[in-house]
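Hi,

Here is the structure I promised to pass on.

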Amino acid sequence: MKHVFNLAIFSLLLLTVTMSCENEELASDTSVSKIIDAQGKASCPSSHPFEACGQCWTDANQAQSGGCNDTGGNNGGGNNGGGDQNNNCPSSHPYSACGQCWADANQAQSGGCNEDGNGGGNNGGGNNGGGTPCGNYNYNPDNLACVTVVANGSGCMNSDGLFVSSKGVVSNPCNTKEAVLDIERNLGVNIDDQFIAQCGYQGNVPSINPTMTKSDFLIYMKALFINININGKTGDQFATEFADLLDTNNDGILTRNEASQAKGSDPRQILNLEPIFTINGGLATDDVLAYVGLYLGDGALDKYAGDLPQLVQDNMANFTRTWQPGVNAASKRYDSNK
């Protein structure tokens, strides 16, 4: 009888262990962790697109069944995880700063975090929680409402502090920097490091005087003017002449101040490029200088290429990611795959 009793106890323990293992396996299948992509961004996999309580689920029902009662989940799929579409934080702690999620900026500061954060939900600068982080900015292409009008009327600043062009395109500082770095890498030229660090500027122009060797500038200009031939004058010739006109002291070094003075000596500010820049002449001249730091203007750098003739835009797209309005405001001609 004693052996029978011991056998019964053993069987019960075995059953308990088996059920425990099965429950543990079921729990592991209920939710999964975020995955980290090559850019270091955490997101939920497509198989478990609903994020809540810091985990990824197939949907809200599964989250609730798993004991998660966070109603601020996000069906972001593999595009973005997080309790909102702004900063990957849950709705209960929508303010992202110092790599953590807080209730608000005050809580972050109380916790020893002095970094300017990015509010989620409706705390993200009036943009309804949309957008993606870009350095100290939140980039939301749909946040078109003007908060501050730019003096010359070329656009305005939105609630995220980003420039919105007159064609309704929001500047993206992160794309701007990548476009400038493309020029440096793909053409093998040296662009001023201080300019690269600040090329995503919005609103106020940084008080810097970037420099570039004339030889590097020539490489860039010749690449812009490939296939140009006007009355027998080639793009290379236009580029060489333009570089010489900018190098007023003939020292082989071009600076922002020197280029501005040279260009300003022409009432139309086109110098020798009028045959090429027949439309938006002075603006187009600014544009080609802007991408290498020899012209700094209001608003944002990434809108400038829209003033260039189509052939020059096409040449530019061969070595850099341009991002500007195309034939209409809805046409974002930024190639994120280049």
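This is a predicted model: local features need pLDDT of at least 70, side-chain atom pairs count only at pLDDT 80 or more; totals for chains, interfaces and linings use all residues.

Strands β12 and β13 pair in an antiparallel way over three bridges, where two strands count as paired if DSSP finds at least two bridges between them. Within this pairing, Gly155 sits opposite Ser165 of β13. The open sheet they belong to has three strands in the order β11-β12-β13, with antiparallel pairing. Its edge strands are β11 and β13 (163-165), each of which pairs on one side only. Helices (H or I, at least four residues) and strands (E, at least two) are DSSP runs, numbered from the N terminus.

Residues are numbered from 1 along each chain as its sequence is written, and side-chain values use heavy atoms, with hydrogens and water left out.

Now the disulfides. With a disulfide taken as a pair of cysteine sulfur atoms within 2.5 Å, the count comes to two.

One of them links Cys146 and Cys156, whose sulfur atoms are 2.2 Å apart. The link is left-handed, with -75° about the S-S bond. Cys146 lies in the loop between β10 (137-139) and β11 (148-149) and Cys156 in strand β12 (residues 155-157), so the pair ties together parts that are ten residues apart in sequence. For accessibility, buried means under 20% relative accessible area, exposed over 50%, and partly exposed in between (1.4 Å probe, protein chains only). Cys146 is exposed at 51%, whereas Cys156 is buried at 2%.

Cys134 and Cys174 make up another disulfide, with 2.1 Å between their sulfur atoms. The torsion about the S-S bond here is about 120°, so this disulfide is right-handed. Cys134 belongs to strand β9 (residues 132-134) and Cys174 to helix α4 (residues 173-187), so the pair joins parts 40 residues apart in sequence. Cys134 is buried, with a relative accessible area of 4%, and Cys174 is partly exposed, at 33%.

Best wishes
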